[in-house]
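Visitor: I am new to this structure. Please take a close look at one part of it for me, and then carry on to whatever else is worth noting.

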Amino acid sequence: MGRLFAVEIVYRGIFQKTLAKNISRAIVLAAHQEGKPGISFGRYGDSPERNGVPAKNFAIVATDDQTLEEGMAKYEPKEVDISIAVDDTLCKGVESWAWYGLQPINRLLKPGGTLIVTSREEPEALIEMCHRKEYPYQLAIVKGIPSFSGLWVYKEDHSDVRILGAIAKVLPELFSLESVQKAIRAEWKDELKATSAARSYERITTVTVPPNQGNPEEPFKFELPKWSEMREGVTIPAIPRGHAMENTATQQVGGWQPERNPTFKKFSTRTMRPVVDFDTCIKCTLCWLQCPDSCFDVTPDGLYDANMQACCGCGVCEAVCPVQKCVTMVNETQFRDNDSQWEMWNKDKEGYKKWLLEKIEHGPGPQRSHGFRYRGQYEEQVPEMLEIAREG
Amino acid sequence: MAQAVASLEQQADKTALITGSEAIAVACKLADVDVITAYPIRPYDTVMQYVAKLVANGELDCEYIVAESEHSQFEIVKHASAVGARVFCGSSGVGWMYAFEALTVTPGLRIPMVAMVGNRALDDPGAFGVEHNDALAVRDLGWQLVWVDNPQEALDTALIAYRVAEDRRVFLPCAISCDGAFLTHSQALVKIPSQEKVDAFLPPYNRGDLLLHPDNPITVAPQVNEDWLMEIRRQTAAAMERAYTVIREAYAEFEQIFGRRYGNPFFEEYQTEDAEIVLVGMGTLSTPVKVAIREMRKEGKKVGFVRVRWFRPFAAEELAKTLGRFSAVGIIDRDFSLGSPYLSGVLATEVRAAMYPAAKRPPMLDFICGLGGREVTLPDVKKMSDIVYHAAEGKPQPLTQWIGLRE
Ligand code: SF4
Ligand code: SF4
């Protein structure tokens, strides 16, 4: 039997859909340059058209046709040689639209496989975000801001070919740099892209992630019920309405916290989260009213606390808040938990203020990852993205 | 109970001269249906008119909604049924097909809708005579399908349909097929049972834990992926399996309360005891077939007839056992299934499939006959019987023949 290779590209709908497809196709075409057959497909149950929702593409390559057929006989690969995240906030986990609960980004990685992430973060920061694994794996960072390359009017930033160059380096058995350059020339007819792939090939470095390092949270697990155990009539119990909240410090009871779906959280769709300045909030209710996902808990003291399990990061609350810098969207890489901001503020108002300013003013990374914080933001960032592509 | 039933039996039925459509409308009144939706198409529209009259006369208190299309018609009753209303709906031909999306989702949601299909050819060309292809189109989807052949049976079967569909073990929709013109438009003397009898037979619709109501907060039909749908289909299949038992129970109790006997609920046998060959068919073609059989018997030809009532669930084993008794079988299809095995009709294909595991499998021929409402004549029936006799004698015959066709 020959060897089977599987690569997954994890991306965010809709802006990265074409980018992921292009990478997936190019993997197969590059391997084909070496006579290896392969297939490329999008995960059917995903919803790649939905803004921000994590989705996947797969490329399966084999050394011969029969081995490829073994790979094709499965709905999708059960393990992969390489996982690619084209948006670093995906490292926190993937909750596909075709529901499987929140799953680690590195779930399918074989022992010793490589996770390739486009990011401006350091490896340590990304490792902290990824769920821990029992065995070691490799992490390679292609420096960059999440790209929308290939979709409609968005300018090329060569993220696609830089990732392809990185693959040639970390898994030369799949294809060589020469093969991938040939495929790039045939597919894009762009010598500059072939050069970008070579640069990335030269520059890419990997770090080994030792066993049990990373986010200790247990990945979501569930058992599928038998047909005879399921409720009939395609009915499921509704989510209960909710209840009043309690301020544990003052025992004050009041406000309202709606119950939320315990198994479908939505937050893996988020690339930016709102941080709220409770000291300047005028309790106008607009954020609570306009949030499309009813994320705001009404606190006993009449404030509005965005629930981070539920928030999909759409930015509507920031847009509608009438007070300047009261609600600010901050890149998701700047956070490690989904804790309540209001509770943090309640416990230590001074400390919270410091934390808040740090997040909104001094935070390092880009304010955008997927989607926009404001109109025209992507275009503004393109020169910087190209600079990174050139200089690494 | 026994005493109560006995006293009910003594209540005299009223007799009325009504069409099959009117008989169904009367059943709606007796079943005290809560929500009825309508959209005109011939021949179903006759029911709609009769029901409207009952409502206008104050004889039936229900929501009567004229929808803007058949699709909405079936969607409205689907939702009404989900919130606990007893519903009635219906259509014909391409109208039924226009509702198809709503029809496909109704069984999975376990909606015990009762519908009348006034069987009609599928346009184009504009044609409104009977063909069974309209109702048969849903045969794989979880709809119970029953064919009747006279107004009395239409009324009785509608009551039985509510009883079966709304049984918690089943909770599946049921369509009563009534041949356009022959049944929907011709009047016959029908015994109309008393309300007390109907009330004793038909318990109120209780949707139980599936009721969509603020006191029972549930979500119906969420999005699912490949991990769930097969289990949902299996549940619907199990409900259809249970329908066999529930149908038998309903007919047994119907006989007790109403004193009318239908024998085997799934198919009627006519002069089969001593028959050498039999014809099989559905709906009102039973009349010319029975008359022709009586004439043929005078000539010494022992022909019998099996009229299939319940097409879904299909009583395969029982039917196979019955048909195995004869030396040849001719199936009359008032439908077509173009390109199907042996280029036969739907009924023949099903009967042949049912016969496969049977110990005795006589030759089985199919006749495509009476399409578009064409009369099935006595000579047609005799011709078919002769062909079946030839097969019984071992003379090879084409497996499918078109009868009553200008050739
Ligand atoms: S970003 Fe704001 S408006 Fe959007 S989902 Fe989150 S809390 Fe709601
Ligand atoms: S919109 Fe701004 S000011 Fe108004 S309640 Fe929300 S956070 Fe406070």
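Guide: Start with ligand 1: the residues of its shell divide into twelve nonpolar, two polar and no charged. Here Ala, Val, Leu, Ile, Met, Phe, Trp, Tyr, Cys and Pro count as nonpolar, Asp, Glu, Lys and Arg as charged, and the others, Gly among them, as polar. That shell has 14 residues, and the closest are A:Cys291, A:Cys311, A:Cys314, A:Gly315 and A:Cys317. A residue is near a molecule if one of its heavy atoms lies within 4 Å of it.

Some ground rules apply throughout. Residues are numbered from 1 along each chain as its sequence is written, while chains are lettered from A and ligands numbered from 1 in the order in which they are written. The model is predicted, so local features need pLDDT of at least 70 and side-chain atom pairs count only at pLDDT 80 or more, whereas totals for chains, interfaces and linings use all residues; side-chain values use heavy atoms, with hydrogens and water left out.

Ligand 2 has a shell of its own. Among the residues surrounding ligand 2 are A:Cys281, A:Cys284, A:Cys287, A:Cys321 and A:Cys326, together with A:Lys283, A:Thr285 and A:Tyr304. By class, this shell has ten nonpolar residues, one polar and one charged.

A:Lys325 sits in the loop between α8 (316-320) and β14 (327-331) of chain A; helices (H or I, at least four residues) and strands (E, at least two) are DSSP runs, numbered from the N terminus. Although A:Lys325 is not a glycine, its phi is positive, about 55 degrees. Most residues other than glycine have a negative phi, and most peptide bonds are trans. A:Lys325 counts as exposed because its relative accessibility is 53%, where buried means under 20% relative accessible area, exposed over 50%, and partly exposed in between (1.4 Å probe, protein chains only).

With a relative accessible area of 0%, B:Phe171 is buried. Chain B also has a cis peptide bond between B:Arg312 and B:Pro313, with omega about -5 degrees. Another cis bond joins B:Asp123 and B:Asp124, where omega is about -10 degrees.

Back in chain A, two helix pairs can be described. Helix α4 (residues 159-170) and helix α5 (residues 177-188) of chain A pack at an angle of about 155 degrees, with their axes 9 Å apart. Axes are lines fitted to C-alpha atoms, for helices over the stretch in contact, and angles run from 0 to 180 degrees between N-to-C directions. α4(A) and α5(A) are therefore roughly antiparallel to each other; angles under 35 degrees count as roughly parallel, over 145 as roughly antiparallel, 65 to 115 as roughly perpendicular and the rest as oblique. Their contact (heavy atoms within 4.5 Å) includes A:Leu164 of α4(A) and A:Ile184 of α5(A). Its residues divide into seven nonpolar, no polar and one charged.

For helix α1 (residues 17-32) of chain A and α5(A), the axes come within 8 Å and cross at roughly 120 degrees. These helices are therefore oblique to each other. Among the residues that meet are A:Asn22 and A:Arg25 in α1(A), and A:Glu187 and A:Trp188 in α5(A). This contact has six nonpolar, two polar and two charged residues.
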